[in-house]
Amino acid sequence: MTRWNDGHDEIGAVSADITEETNALPAQYFTDPDVHEMEKEKVFGRYWVYAGHANRIPERGDYFTRTIGDRQIIVTRDDEGGVRAFYNVCAHRGSKMLDDTPMTDPGSLSRITCPYHLWAYELDGDLASTPKSFEEASLNPDLDDDAVRELDPAENGLMEVNLDSIGPLVFVNFQDDPDLTLAEQAGSMKDELEALPLGEYEHARRYVSEVECNWKTFSGNYSECDHCQANHQDWVRGLELMESELEVNDYHWILHYQHKEDVDDEMRIHEEHEAKFYYFWPNFTVNMYGTADGYGTYIIDPIDEGRFQLVADYYFRDSELTDEEEKFVQTSRQLQEEDFELVERQYEGLRSGALAQAQLGPNEHTVHKLHRLAQEAYEA
Amino acid sequence: MASTTDAERPHAGTITCATCDFHAVITEPNDAIERYRRHRSVTGHDIKWERTALDAGLDTDDVESALDALGDEYPDGVPLGVLTAALSEQEVTIEATLDAIYDLRMAGAIYEPRDDHVLVV
Ligand code: FES
Ligand SMILES: [Fe+2]
Ligand SMILES: [Zn+2]
């Protein structure tokens, strides 16, 4: 039963059983600015969150930056060829060090140098050097040079962020001691994705859109296809939706869409004759198209409670697209725009305050999982 | 993409990114600046004004002169959104205006009485 804000309907926690009445996350969690603030810690500060693609930083010292909630990090390739992440914050007095550098336009450096007083760091985060004024006390008449403490490189290095990967996909976790390993959070998705040659594909396109709804509104839309028949007519024409399946796992769910007509094996990166869309809690997707030899990823980054940025990246064999691939990307963009219309409209309704708690249908078990995970995170 | 619910409010104009092919309605001029920065930090792309509803009627493409001209109308500081929109009518991009503003600020020629609002010294 739908619960209205009419003074007598009562909302409940998201039920574990989808057939129960309170099976959806109360509407307030989509519209309340305090929830947005809370999610910075309880969601984005706790789970493994996608940072970017390792192919973009192949050489020692290559780097990009990424902002997750209020946290800003540097993701770089160290001397040993490993990928590491650090807060983009100087160990001296906390300055932001590097300018924002998107993964699509990565930078390169041999040391990370803070522009404020020129403390410099090795690629493993250790303090490499400080200017002379930090080694002697010539301006301070009360202090002898001998009394100046020497700075231990490791003790005065950058703050490192936990990092782990699934193939070339790099994830970070901001907990000191993460509750889950990435392997635990990803479960079978890790093995499935690592069996594919994701690293052999090149980044070809990034489209970033700002959409006027809560990030979870879009996540919910991505996760179900009850809206497809009515709203993605061009796309569903080629699909056998009745034969499709939505598979739910601990922290990810997979939308398997069957095609009416089989396509050549060369047209897919994966084996199965279907499109496979992975949603990975909290805000990342991997899109295996089934009709293009490539894959895509979405990052669904909140800006505030009522807006998010969709960062859509496309990977193909070659970063120069064929005409067919161009057309494919355009179809994918069309789907995005159709969905933006839907979710902005849904959000306008939610924001009006009439609805207290929605109700989910039996084939919205993926959305149910999303709502359950959100609630679990808030309660933790 | 952009909400049309506040259609009654006068819009400042629309902005676009040619690479991402979006067009967004801007109501508060400085929202364009915020959006420019957010978009640039994840893409490196430059957003441009594509239409503006402010009839600034500048006769210069010099950023400092334009700021000087607009200062009378905005004694608490000219919003960077207004300045970039006015200059876009003179074919100066948002990027070029913001770069020039940075240089002017670093030269001490302008000041910022409120965040993202500037005036000539
Ligand atoms: S804050 Fe970075 S060197 Fe001083
Ligand atoms: Fe959709
Ligand atoms: Zn763009």
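Helices and strands are DSSP runs, at least four residues long for a helix and at least two for a strand, and they are numbered from the N terminus. Keep in mind throughout that this is a predicted model.

**First stop: a loop in chain A**

Select A:Thr181, which lies in the loop that runs between strand β11 (169-173) and helix α3 (182-186) of chain A. Is A:Thr181 buried, partly exposed or exposed? Its relative accessibility is 39%, and therefore A:Thr181 counts as partly exposed, because that class lies between the limits of 20% and 50%.

**Second stop: a sheet in chain A**

Next, select β7, β8 and β9 of chain A, which form an open sheet of three strands in that order, with antiparallel pairing. Strands β7 (112-113) and β9 (127-129) of chain A stand at the edges, and because each has a single partner strand, one side of each is left without a neighbour in the sheet. Strand β8 (residues 120-121) of chain A pairs with β9(A) over two bridges in the antiparallel sense, and if you select A:Tyr121, you can look for its bridge partner in β9(A), which is A:Leu127.

A disulfide is a covalent bond between the sulfur atoms of two cysteines. The angle about the S-S bond is -110°, and the link of A:Cys225 and A:Cys228 is left-handed. Both A:Cys225 and A:Cys228 are buried, and over all chains the count comes to one disulfide. Two other cysteines can be selected here: A:Cys114 is buried, with a relative accessible area of 1%, and B:Cys20 is buried too, with 2%.

Select A:His368, whose place is in helix α9 (residues 365-379) of chain A. With a relative accessible area of 7%, A:His368 is buried. Which residues are in contact with A:His368, once its neighbours within four places in sequence are left aside? They are A:Val14, A:Ser15, A:Ala16, A:Asp17, A:Ile18, A:Asn23 and A:Leu360.

Move to chain B and select helix α2 (residues 63-71) together with helix α4 (residues 94-106), which pack at an angle of about 85° with their axes 10 Å apart. That angle makes α2(B) roughly perpendicular to α4(B). The contact is made by B:Val63, B:Glu64 and B:Leu67 of α2(B) and by B:Thr97, B:Ala100, B:Ile101 and B:Leu104 of α4(B); these residues divide into five nonpolar, one polar and one charged.

Finally, select the open sheet of three strands with the order β4-β6-β5 in chain B, where the pairing is antiparallel. The edge strands are β4 (78-79) and β5 (110-114) of chain B, each of which pairs on one side only. Three bridges join β5(B) to the antiparallel strand β6 (residues 117-120) of chain B, and B:Tyr111 stands opposite B:Leu119 in β6(B). Helix α2(B) packs on this sheet and touches β4, β5 and β6 of chain B, while its direction makes about 100° with that of β6(B).

Terms used
Residues numbered from 1 in each chain as written. Chains lettered and ligands numbered in written order. Predicted model: local features only at pLDDT ≥ 70, side-chain atom pairs only at ≥ 80, totals over all residues. Heavy atoms only, no water. Pairing = 2+ DSSP bridges. Disulfide = S-S within 2.5 Å. Buried < 20%, exposed > 50% of the residue type's maximum accessible area, 1.4 Å probe, protein only. Axes fitted to C-alpha atoms, helices over the stretch in contact; angles between N-to-C directions. Parallel < 35°, antiparallel > 145°, perpendicular 65-115°, else oblique. Contact = heavy atoms within 4.5 Å. Nonpolar A, V, L, I, M, F, W, Y, C, P; charged D, E, K, R; others polar.
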